[in-house]
Amino acid sequence: MKRYICTWVSLFVLLTSCNDDFLERSPLVDISDSDYWTTVNDLRLYVNNFYNDDGLLPSRRAWGTGPYTIDAGEGSDTNVPTNYNRRMNGEATLPSSGGGWSASDWAPLRNINYFMDHYPQVQATSDEVLPYVGEALFFRAVFYYDKLRKFGDLPWASTTVATNSNVLFAERLPRNQVVDSILLDLDHAITYLPARAGGSWSGRITKEAALALQARVALYEGTWEKYHALKNTAFKVANADGEKFMEKAAAAAGELMHMAETNGYPGLDNVGVENGYWLLFNQKDYAASKEVLFWRKYSAADRVTHTWTRYSINGSGMGLSKDMVDSYLCIDGKPISASSYYMGDRTLQDVVKNRDPRLNQTIHVDDNKHVKWYATGEFFTTPAFEINGANNTSTGYQIYKGHTGDFAEFNASQSTQGYIHFRYAEVLLIYAEAKAELGTLTQGDIDKTINALRQRVGMTGGLLQLANITPDPHWEFPTLSPILNEIRRERKIELAAEWYRVDDLFRWAAADEQIVGKRPLGAYKKQWDNYPGATPQFLKALAALPVNADGYIDPFQIYSAMSNGYQFNLGRDYLLPIPTNELTLNPKLKQNPGW
Amino acid sequence: MKLAFHATAIASKRPFLKQSTQLKFIMRFQFFVGLLLAMFIQVSGSTFAQNVSLKVNNMPLGQVFKLVEHQTGYVFLYDDVRLKKQKVSLSVQNAPIDQVLETCLEGLPVTYKIVEQNVLFKHDEDKLRLQKAVLKQQTRVSGTVSDSLGNPLSGVNVAVKGTVRGVVTDQQGQFQIMASPNEELVFSLLGYQKQEVALAENNHLDVVLKLALSDLDEVVVVGYGTQKKINLTGAVSQIDGKKLENRAVTNMGQALQGAVSNLNITSTNGGAPGANSAFNVRGYTGFSSSGAALSQSPLFVVDGIPGVDINTININDVESISVLKDAASAAIYGSSAPYGVIIVTTKQGNMGEKPTITYNNNIMLSQPINLPKYMRSIDFANLYNEAADNAGTSRPFSDDALQRIQDYLDGKMTTETIANPAPATDAWFEWGNANANNDWFDILYRDVQLSHQHNLGVSGGTKTTKYYVGLGYNKQNGMYDYTTDAYDRYNVRANLSSAITSWMSFNFRGAFSRGTIDSPTAEGNWMQVLAARNWPTEPLYMPNGSFAAESRMAGFVNGGRTKTTTDKAVITGELVVNPLPGWNITANYTYDGAYYELAKHTKTVYVTRPSGAEQALYTPNAFQRQHNKSQHYTVNLFSSYEKEWNGHSFRGLLGFTQELYDNLSMNGLNYYLYSNDIPALSLTYGASPTLSDNASQLAIRGGFGRINYNYKGKYLVEFNGRYDGTSRFLTDRRFKFYPGVSAAWVLSNESFWKPVEPILNVFKFRASYGKLGDQGFTSSYYPFYPSLNTVSPTSSNFLFGGGREAYISQPPLIDASLTWVTVKTLDFGADMAALKNRLNISFDWYKRTADDFVGPAEAFPALLGTSAPEVNNTGMVTKGIDLTVGWKDKIGQVQYGADLVLSDYQSKVLRYPNPTGLNTTWYKGQKLGDVWGYETVGFFGSDEEIANAPKQDLLYSRWSVGDIRYADLNGDGVINWGSNTVENPGDRRVIANTTPRYAFGLNLNAAYKRFDLAVFLQGVGKRDAIFSNANVWDGAYFWGITGDLYTGMLTTEQYDRWTPENPNGYYPKFYMGGEMRKNSQPQTRYVQSAAYLRIKNVQLGYSLPENILRAIDCQRLRFFVNIENLTTFTKLLKTMDPEFSTTDGRVYPLQRVWAFGVNMTF
């Protein structure tokens, strides 16, 4: 009997000991919307993620990704890499997926829109909330501007896209409508964001940065619409109204200039400082800068560092083109073709002599002043042709701008030089260009913009006079007005190697003039034959460099595919293709021209 | 006196040899130590091993002695005539002389002694007195043994159970033996079933031995019980733990690979020390959310406890392993076992058995196999330059470097590099400027490595208890050279069982294992990759003796150690009650805990620049400590009842189970150590330490039942079911019922079968169908919960004015209707035994369907900006076969056997959210493993050919001689991919299938006298391999040049490429740049066969004869030599191992292991 009692008692105990909550298990280390979106700090933490999103602000930490290498990487006519650019040579291929149009490429937009859908849940005053909304809108504009430059027409989503959203299977919106939306986002952002003037650097987006972005986007679209229509390319926009955008560009830039006049911020840095132009680009900290409106900081102590300046000592695998160097005016404000100050280009010393001081601060010259490393007290002598791999200079015009004499920058993953995203000089150039395009540019405008930039570097004798522009037989755009040519020249010089050039050529529809059939050249080669103090390695590398008939280094001569210069496809290569799988998934998407 | 003896009867009765137990122990110990020291001395027992074969009936001893003298050369010296006249009968085969003598002298007051070759006899009344005392209670039992047809069986071993007393039957099948009434006799004969008979008061026994059992008579462990194999209705395979012993492998997965049909096992980390195995039963089912096909793991059940990790179980503790393959067999485990069950049963003692101690070891010498061979430095440099020229990129090797490389090869230069002569560049030349000739695989891995294993087991029992205790130690040293990597494992297991009363018993099972892995931190997991991207010209050492910075060896050797310790404890307490005969109630509770600890020390190391200045690498130094605690509690309560009446046999089972998984982890990391050499978080001063934790719980509860019914062993039917609930889903869709039904018909038990029976002894047909749930399709315990993604400031990389800040971002898309996947399996099988049960065949055909699998939702336009939510929207069907064939027989004195397992499966997509039929993702009707690609025509031979060939401009804008010409399959004059859909694939088609087909294992074994030999072959009959060019890492081992300067590796294979001089090379023209992709598109030319046959194991053993064993009081002593991975036959490119061919080859190499060991049983 005992055994049955035992059996039933134990059965009973076991079966009743289980409580009903056993299968209720909630997450222990997770948080969801229902527990979030209560305080203003929640908004701040959420928008912080946009700053960390590679799709919005590329972290640019690896070798070859820094601002001074982008033009070369994209294959401009001004900054030349050691290998020719495939897209510029019409060698781009049509992908079936990826190609800048994948779910992860569109993820930043979703992330921003998710914020836009949820921030109203936070109960707080609009003063507290709106700055963060402004940041989100700023980043949405950043996102769309990037996609606009790559693909042109785009689908527009201002709320989180669901799997059944109409926009998912809709046609792309024409680019001008997309830009309207970008500018509207920025209008709001400008209203919501706090101005920096008077405040200390917070690292966050400011009203000034939003204005600068608005000016940039508006000018981009305005000129794109104008020039692609003018040249009747496949990329012209139906019902284009470039003027509207250029007016917006001028207005946004003008507002910043007005703020500069009334608040003393923003402004130009290093005015009248010796080597001030060069010094602007190799700083670790721009917190006190008036000119740098938005930048990214790096810090070794926090292990947030980069490697993009690692090979600046050797030229970083690029070099300025002869065409670029020749664009610099002489000290008298006249082009080299017209100025008696021009000393020719047989040596680097000659090249920089009597020229716009920015040239001397942009390329290395053997003058015991262009520092290699402060620590060793060593100065530049000869271009780093002999460095193997892809780190050497390509043209002999080895870029000095952005190089620092701090040896720590050379250590892999130890560099902390700051990354400039927006600087006020660009705003001035936008203003001048927009006004010139609109035909409303005055000498006063020129003095506040172009001439302010020239005065900053001490080129006081070579100021631009609207009424007295020296004709240049080598103007890049002979069909355009002299003032537009000079404004574009100023932009090319001031923003040299700062990743604007390819965008500029594309919005000006200028690939036919500046890319197609062109093969960029470098410095005059013979100047280094028997150069005093040259190492055998240097001389050997020098000897191997191909030259053209006039003795200029012709780096791409050896490539048969480049024998007739760049074969950019004018009917196709201004925009990237949409991956073919996306066309299958959404049949209403139409492929870009030429693909 | 008429006596019959069997040669294997073991006795040690020589009075003068009666040493004390202590002495025996010492002798045994000395012997044991001797064995360890000298593993393979040729042991010859010549003076002892004079064996005798005799068959005499009632012959005087004097005559017997003469016969023995004649056979052995021994001389018998005796003076007692009585002895000479004593008549004996005996029949011995090849018996040691001691045994023959003792048999002859049994019952006589005489002892003997062997001095040199002489046998001396001595009168000894004590002996007789002693024997009489024993014999007093014993009676003489006699009888005959015959087979089922009534023919007498001679040579049957008749032993008294639990003693060493035994005889053999004579020609007439007769035997006589002394035994007490309370003892049992055991009758055994090769080829017949063993039979035990209790004596009671009988002193005459007529015994009928049945023909040997076929494999179908084994008892097989199934879910919550056991079943005779003949009565199984589902698809179940079982393997005896003995078959896995002595292999020079460290984990169960390695031992089981190829041993069970359609149990597919792959290593998760190649041949690395402590690498675990991934298990799969019967192929793929379903897709992961990322769209990868899933090869899900079966459920592991160890001694009745589900969810126990078997990678750390000591193989020597294993009694048997069952694999439940079909849904009907596994339905009792419900949603825990959608993809089969592997049941491991560990060893137990026997009640009333004297203690048995076993000791096994294995001393292993490993050598890496299948290492790629680097191209010679100068050839490498020239080919890199050639590829750069082809691509129009700058040459990575200057003429100056080429000259030095050649000079170094010619011996004109002795240093591997030089200092960069450029001023103020205090650096050594590396990569393309250096001039070494290094084979990095050769440098990374040593040629041979020593490892060892030791296992000790003790089992036995008293009247009411039984026990097994196993101890194991396993030391596996890794193959790294210049530094070390090692896996150490300690195992303890204790299985105790005690009968508290006649109707209640208590069982305790406890197992503990500790595994540690100690490997270099810096580059520790990377060296396989680095070896595949270093250049032969990269120096190992700088001229000043410092490691080259870019070789990464400095960090590899001195950059700190990473140590992981995994402790696992499984403790079960169990109560078994028998309220009525046939009725069992079992209740058990198990704690299964895993504790993982990681200590990762990153040291700053220094290399020396040409000036003597130190260059610091791996800065800042750091330390990371991580603790994970995974606890798993299981309660099982089940009751079974069985009854038989009039040919009806009924078994029923009802049970309840509940499990709770509780995981906790904590992780801390900080930089800047006060001392480079003392790793501790407290000794770091970095301003922003990383700190994180994790916690999760999963609860499962289910009720289950089973009914078996069979009628006269002919018609068998079984119902299984489980009602299961999980915390993974919300309340309203938490519970589900999983049924299984199976039936079998044993045709050979039908009367109409009689005519066939002599040939086809047993034949059974089976069918089963069942449904199982899958809740493990997601690794998340909370798939219903849309969590926001949080990132701490230290993981952020944007610096605000106040430093880094935390951030948070959107949750993934969640579908609220997400629920279990139901996996249905239909299975038909047949089991048969033929030719006197020597041939056993088991065959199954199955179809497994998961029609509502959870996969990535429809491929949405990219604008969605996130992965689509998981929903139950995909389906896959897998069809396959399992075949097991066994043969065992004897030719003369050679016993031999062969076991073949063979399996095959193919999976097909039933449903996938891809309405447009894109062939770049899954689509309905696609066979798993299908690869789309182009058809290769060959290399372009001339510019003219290029001009006239279909345009390939979509792939790349430039084509030249030596590039691949693709076939224009759709004849539109352009090579393209159409719209990448099944309907319009352009010029692509399915060119290969990477599913392994016809996986097989063949175990051959033979035994002759004391030697035994086993050879184990394993492989895959058919499989395509194709090496991706999707990103620069993939395919580096195959293509050599991937297009990226620093992610490729040229091996000797790449010599065979297209050049103007070698227009028929294997590889196309190489390009150092993205252009390489135009030639490395997936295409027919580069489909490789990854089919292989591997001689996985060869084992040769020798067991010492018993007379020696008796001297050291040992039951068994066997020496063996064992070779793992002896050789491989495959057509696959030599740089890759066919076992890993689906990946890119970048794995820790497998090893050939030469092992020596000993098995001892006391």
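## About the model

This is a predicted model, in which local features need pLDDT of at least 70, side-chain atom pairs count only at pLDDT 80 or more, and totals for chains, interfaces and linings use all residues. Residues are numbered from 1 along each chain as its sequence is written, chains are lettered from A and ligands numbered from 1 in the order in which they are written, and side-chain values use heavy atoms, with hydrogens and water left out.

## Where chain B meets chain A

Let's begin at the interface. Here 93 residues of chain B are in contact with 92 residues of chain A, contact being heavy atoms within 4.5 Å. The two chains bury about 8100 Å² between them, and carbon and sulfur atoms give 61% of that. Buried area is the accessible area (1.4 Å probe) that two parts lose on being put together, summed over both. B:Phe798, B:Leu799 and B:Leu863 supply 10% of the area that chain B buries against chain A, more than any other three residues.

The rule finds 6 salt bridges across this interface, each a side-chain nitrogen of Lys or Arg within 4 Å of a carboxyl oxygen of Asp or Glu. B:Arg958 and A:Glu91 meet in a salt bridge at 3.8 Å, N to O. Helices (H or I, at least four residues) and strands (E, at least two) are DSSP runs, numbered from the N terminus.

## Nonpolar cores

The largest nonpolar core has 132 residues, and A:Phe50, A:Trp106, A:Phe115, A:Phe138, A:Phe139, A:Tyr144 and A:Leu213 touch the most other members. Helix 5 (residues 126–151) of chain A brings the largest share of this core, 14 residues. A nonpolar core is a set of buried Ala, Val, Leu, Ile, Met, Phe, Trp, Tyr and Cys residues joined through side-chain atoms within 4.5 Å. Buried means under 20% relative accessible area, exposed over 50%, and partly exposed in between (1.4 Å probe, protein chains only).

Leaving aside neighbours within four places in sequence, A:Phe50 has contacts that include A:Leu56, A:Ile112, A:Phe115 and A:Phe139. Another core, of 70 residues, lies apart from the largest one and has B:Leu444, B:Met479, B:Val605 and B:Phe940 among its members.

## Buried charges in chain A

Now for some charged side chains. A:Asp356 forms a salt bridge with A:Arg358, the closest N and O atoms being 2.8 Å apart. A:Asp356 is buried at 2% relative accessibility, and A:Arg358 is buried at 0%. Among the contacts of A:Glu490, beyond neighbours within four places in sequence, are A:Arg358 and A:Arg454. A:Glu490 sits in helix 16 (residues 482–494) of chain A and is buried, with a relative accessible area of 1%.

A:Glu494 and A:Arg456 also meet in a salt bridge (3.2 Å, N to O). Because A:Glu494 lies in helix 16 and A:Arg456 in helix 15 (residues 450–456) of chain A, the pair ties together parts that are 38 residues apart in sequence. A:Glu494 is buried at 0% relative accessible area, and A:Arg456 is buried at 2%.

## A pair in chain B

In chain B, B:Arg965 forms a salt bridge with B:Glu945, with the closest N and O atoms 3.0 Å apart. B:Arg965 belongs to strand 47 (residues 964–966) and B:Glu945 to helix 13 (residues 943–948), 20 residues apart. B:Arg965 counts as partly exposed at 21% relative accessibility, and B:Glu945 is partly exposed at 22%.
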